[in-house]
Amino acid sequence: MSLFTLQISAYLEENSLLSPLQSEFRSGYSTQTALLKVTKDIRQAIDKSLVTVLVLFDFKCAFDTLNHTVLLRRLRELGFEGLSLRLVHSFLSERRQAVIGEGGETSSYRACTSGVPQGSSAGPILFSIFINSLLDVLQHCGTTAMLFANDLQIYLSCEPDKLNDAIAMINADAHSVLQWSRECGLTLNIPKTQVIVVASDQRHMRLDLHACDPVRIDGVTVPFQEKVRDLGMIITRNMSWKAHVNQLSSRVHGVLHRLRAHSRLLSNDVR
């Protein structure tokens, strides 16, 4: 990690400038910490006989479309000034990139006018600064949200007879997320948005999701799912771990099968 990145990260952490609901590119944070918070909150809601509406958002090519002007404005709001701003501006400016096609031919170079440099140590932390303000626009899910890179999840728990009220608040925050993304030059990937209502089996037997108000984003209805994939983990509508455990078991079985098929090529120690 470069000195440039270390100094930015130290400044952010020492001054608590990043939300604790951001769980990526930071020491002591990971997908595990993100998932632990979300699943703990949902499990506690189930224990209280509540239902939880969970929405998982995704942004298209977020690292490549990040607006440099907005990023520099975010840095200024966090106390960066003078030489530090000019240094970041220099880091982002006058970069060019090309792509190599399937035939091995390299395209012509084009200027990079947005995004953070892929593969750089500073890219992830600069993206964290950029997206940190997204949490500020949430009026109802300000404490029940989690960011991991360009993945955002918001959720609300409520009594079953208040489900439509919770969905209305979810829709309000979803609209705020959409507006924020447009103002910042990002594109919300609506087709990849997932929505699920999580509750105990007993509660689900009394719920008619077809009669509930839908979750809508930019006029598009997002259907309720039986299960969703959240940062690699499968969450089902009754918070059972069976689907996730079956998936892991299938992967392990596949790896062991391939190893067995090539066992003669392995040493005794590896076997």
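A: Strand β1 and strand β7 (residues 194–198) pair in the antiparallel sense over 5 bridges. Two strands count as paired if DSSP finds at least two bridges between them. Strands are DSSP runs of E with at least two residues, helices are runs of H or I with at least four residues, and both are numbered from the N terminus. Within this pairing, Val53 has Val197 of β7 as its bridge partner.

The model is predicted: local features need pLDDT of at least 70, side-chain atom pairs count only at pLDDT 80 or more, and totals for chains, interfaces and linings use all residues. Residues are numbered from 1 along each chain as its sequence is written, and side-chain values use heavy atoms, with hydrogens and water left out.

β1 also pairs with strand β5 (residues 151–158), again in the antiparallel sense, over 8 bridges. There, Leu54 has Tyr155 of β5 as its bridge partner. A further 2 bridges join β1 to strand β6 (residues 187–188), and these two strands run antiparallel. In β6, Thr187 is the bridge partner of Lys60.

How much of β1 is buried? Of the 10 residues of this strand (residues 51–60), 9 are buried, so β1 is largely enclosed by the rest of the structure. Here buried means under 20% relative accessible area, exposed means over 50%, and partly exposed lies in between, using a 1.4 Å probe and protein chains only. In a regular strand the side chains alternate between the two faces of the sheet.

The nonpolar interior comes next. A nonpolar core is a set of buried Ala, Val, Leu, Ile, Met, Phe, Trp, Tyr and Cys residues joined through side-chain atoms within 4.5 Å. The largest such core has 78 residues, of which Phe59, Leu126 and Ile154 touch the most other members. Helix α7 (residues 163–183) gives the most to this core, with 8 residues. Leaving aside residues up to four places away in sequence, Leu126 touches Ile8, Leu71, Val88, Phe91, Leu92 and Val116, where contact means heavy atoms within 4.5 Å.

Two loop residues complete the account. Glu94, in the loop between α5 (83–92) and β2 (96–97), has a positive phi of about 55 degrees although it is not a glycine. Glu94 is exposed, with a relative accessible area of 81%. Leu231 is found in the loop between β10 (227–230) and β11 (233–236). Leu231 is not a glycine either, yet it has a positive phi of about 50 degrees, and it is partly exposed, with a relative accessible area of 23%.
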